[in-house]
Amino acid sequence: MKKINSIEQYQSQYEKSVENPESFWAEKAENFNWIKKWDKVLEWEFNTPKIEWFIGGQLNITENCLDRHLESRGNQTAILWEPNDPTEQAIEITYNELHNRVCSFANVLKRNGAKKGDRICLYMPMTPELAIATLACARIGAIHSVVFAGFSARSLEDRIKDATCNIIVTADGGYRGAKTIELKTIVDKALETCPSIKKSIVLKRTGGEVNMKTGRDVWLHEELNQVDNICPAEKMNSEDELFVLYTSGSTGKPKGVVHTCGGYMVYAEYSFRNVFQYQEGDIYWCTADIGWITGHTYIVYGPLLAGATTVMFEGVPTYPDAGRFWEICDKHNVNLFYTAPTAIRALQARGNQFVNPYSLSSLRVLGSVGEPINEEAWHWYNDKIGKGNCPIVDTWWQTETGGIMISPLAGITALKPSYATLPLPGIQPCLVDSDGNEIEGNDVQGNLCIKFPWPSMIRTTYGDHDRCKQVYFSTYKGKYFTGDGCRRDEDGYYRITGRVDDVINVSGHRFGTAEIEAAIDEHENVVETAVVGFPHDIKGQGIYAYAICHSQPTDMDTFIKEVNKTVIEFIGPIAKPDKILIVSGLPKTRSGKIMRRILRKIAEGDVSNLGDTSTLLDPSVVEEIKTSAGLG
Ligand code: WT7
């Protein structure tokens, strides 16, 4: 498939995509294997919302990830797996082998009762089996719901229930750095209240002792002995659901973002190839976990659709030391490397002695995703890792967008540190003011919206279409609202400034303030909490919790430990507050709304200008909080 190769071509493609989106995307879609070609490219309206791409088309995404490549690249490595422990052998899985293993796994799912349209939960470590299970679901038309294996039993339970999954695939345990996580034990706990799950298929990874419930739990390796590796791909309509992936918003419980087969496939491949300027034979490594959208689109689907070699890493950047990423880059001659600002900052903070031993000479393109990348981290990444000659693609997108939306095309778009730069062809961003008016021209700032559909956009939120409408399509009529603030500079370049809603981005992970508050409120001594984000050197944003207690805790350290425990139980360790301040009241307006703006300022340690506090029910609480925070 051809890719854009100059800025002029980008511009002409962009114009074409706006003038005639349907013919633009039809041309991209022609490059895939369709069981039946579409009748109509697009139907849409953003109020319901109703978005349909490649209507009437039939396909199976795994035929395009696997079968389509077998003749030309059957013996090429599809997945290159690097284990947590560097002394354990890396594994290369060719396209032929991957095809066989996906088919076998699909047959295991079928043997255990899986049918087209079922929801199957995957709660797994970063082993090849996770990618294989994902594709196996898609092979048989089951909808995968991958839950990041760092989430707690409660979070897992909520997600299983919301999508009424009937099967879960998990492992005895998982390795992450020096830690072993007992996944099966967590699953057992979650399943106590999840009657919809009939089967749990367990990968043996750590060999740790686990409970196997007769009739429900089966070992994957035993099941695999019972099946062959022939599994025809299920015929899917373009708009059949491919997967659901949960993500947090400003209110309520995490919602299941739904993506469908046809449009997601086209956009995953197109964006992967163009943003990274993938060349035949490149070794590509995205360090994300498949539990997040980045892993779905840019570890599994995008690279495999493009016929690339995709590296999967089981471990963490700092194990056995902070040089691990760079050691892996050299070991596997990685050409395209994609990671998150939080990892860059954490590794930069450990010092250059962890980078210096490695040549990093295979690297050609560097990517960044998940949060704004600050200039200091950008320069370190550029100078120390890229040696000044690898373009950095700062890719802005979201779980809901399915793929990269605003980003440089490597080596083509002129870069500006901390700018996601320009929209991909087919993407029509706009900035709107608080009244919903579009802000035209350059050198402006506003709320980032998208005013025209793109193939991989969210279709619905699982089981609650109205929520999808309310959250994304109601704030600004006729537009998809991203929740991000953004600047468009004098050159028309976009710079994402961060969330404008009550969402906190901690190390690239999204949390709603409300969900963390709900977790902290579970502590028996807590009456009410307000959570805000504050600038954090490594995590981007940290979590600052203001808590009103029934009685002043006698020992603050114990109290903090208990609150952390509660948060770990309800969400997971990544949502632990960085700071907890006990207060006697919260700054509320007369209508009872917490003025988070003030709490954010205090959390930042900047109380010079708290703005208008006259609408507060009791302005004196502000003084009190300032004093408790040591800023009085
Ligand atoms: C939010 C989406 C899809 C990527 C993984 C996170 C922030 C993401 C960037 C970037 C500035 C970014 C936004 C967005 N974000 N990438 N390059 N520059 N901000 O996916 O969990 O759905 O979070 O992450 O705030 O809305 P997600």
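In which loop does Asn 333 lie?

Analyst: Asn 333 lies in the loop between H11 and S18. This is a predicted model, in which local features need pLDDT of at least 70, side-chain atom pairs count only at pLDDT 80 or more, and totals for chains, interfaces and linings use all residues. Residues are numbered from 1 along each chain as its sequence is written, and side-chain values use heavy atoms, with hydrogens and water left out. Helices (H or I, at least four residues) and strands (E, at least two) are DSSP runs, numbered from the N terminus.

The phi of Asn 333 is near 50 degrees, a positive value in a residue other than glycine. Most residues other than glycine have a negative phi, and most peptide bonds are trans. The peptide bond joining Tyr 319 and Pro 320 is cis, with omega about -5 degrees. Another cis bond runs from Thr 48 to Pro 49, with omega near -15 degrees; Pro 49 is in the loop between strand S1 (40-45) and strand S2 (50-55).

Two strands pair if DSSP finds at least two bridges between them. Within this pairing, Leu 336 stands opposite Val 365 in S19. Both strands belong to an open sheet of 7 strands with mixed pairing, in the order S5-S4-S17-S16-S18-S19-S20. S5 (91-94) and S20 stand at the edges with a single partner strand each, so one side of each has no neighbour in the sheet. From one strand to the next, the twist averages 20 degrees.

S20 (392-395), helix H10 (293-305) and strand S26 (494-499) each supply at least two residues of the shell around the ligand. The ligand is surrounded by 17 residues, and the closest are Asp 394, Thr 395, Thr 399, Asp 484 and Arg 510; a residue is near a molecule if one of its heavy atoms lies within 4 Å of it. By class, the shell has 6 nonpolar, 6 polar and 5 charged residues. Here Ala, Val, Leu, Ile, Met, Phe, Trp, Tyr, Cys and Pro count as nonpolar, Asp, Glu, Lys and Arg as charged, and the others, Gly among them, as polar.

A nitrogen atom of the ligand is 3.4 Å from a polar backbone atom of Glu 371, and a ligand nitrogen is also 3.4 Å from a polar backbone atom of Pro 372. An oxygen atom of the ligand lies 2.9 Å from a polar side-chain atom of Gln 398. These are polar contacts (N or O pairs within 3.5 Å). The protein buries 96% of the 560 Å² that the ligand exposes when taken alone; accessible areas come from the Shrake-Rupley method with a 1.4 Å probe.

A second open sheet, also of mixed pairing, has 8 strands in the order S12-S11-S8-S6-S7-S14-S15-S24. Its edges are S12 (217-219) and S24 (460-461), each with a single partner strand, so one side of each is left without a neighbour in the sheet. Strand S11 (residues 199-203) pairs with S12 in the parallel sense over 3 bridges, and Ile 201 stands opposite Val 218 in S12.

How values were computed
Polar contact = N/O pair within 3.5 Å; in protein donor to acceptor, adjacent residues only side chain to side chain. Axes fitted to C-alpha atoms, helices over the stretch in contact; angles between N-to-C directions.
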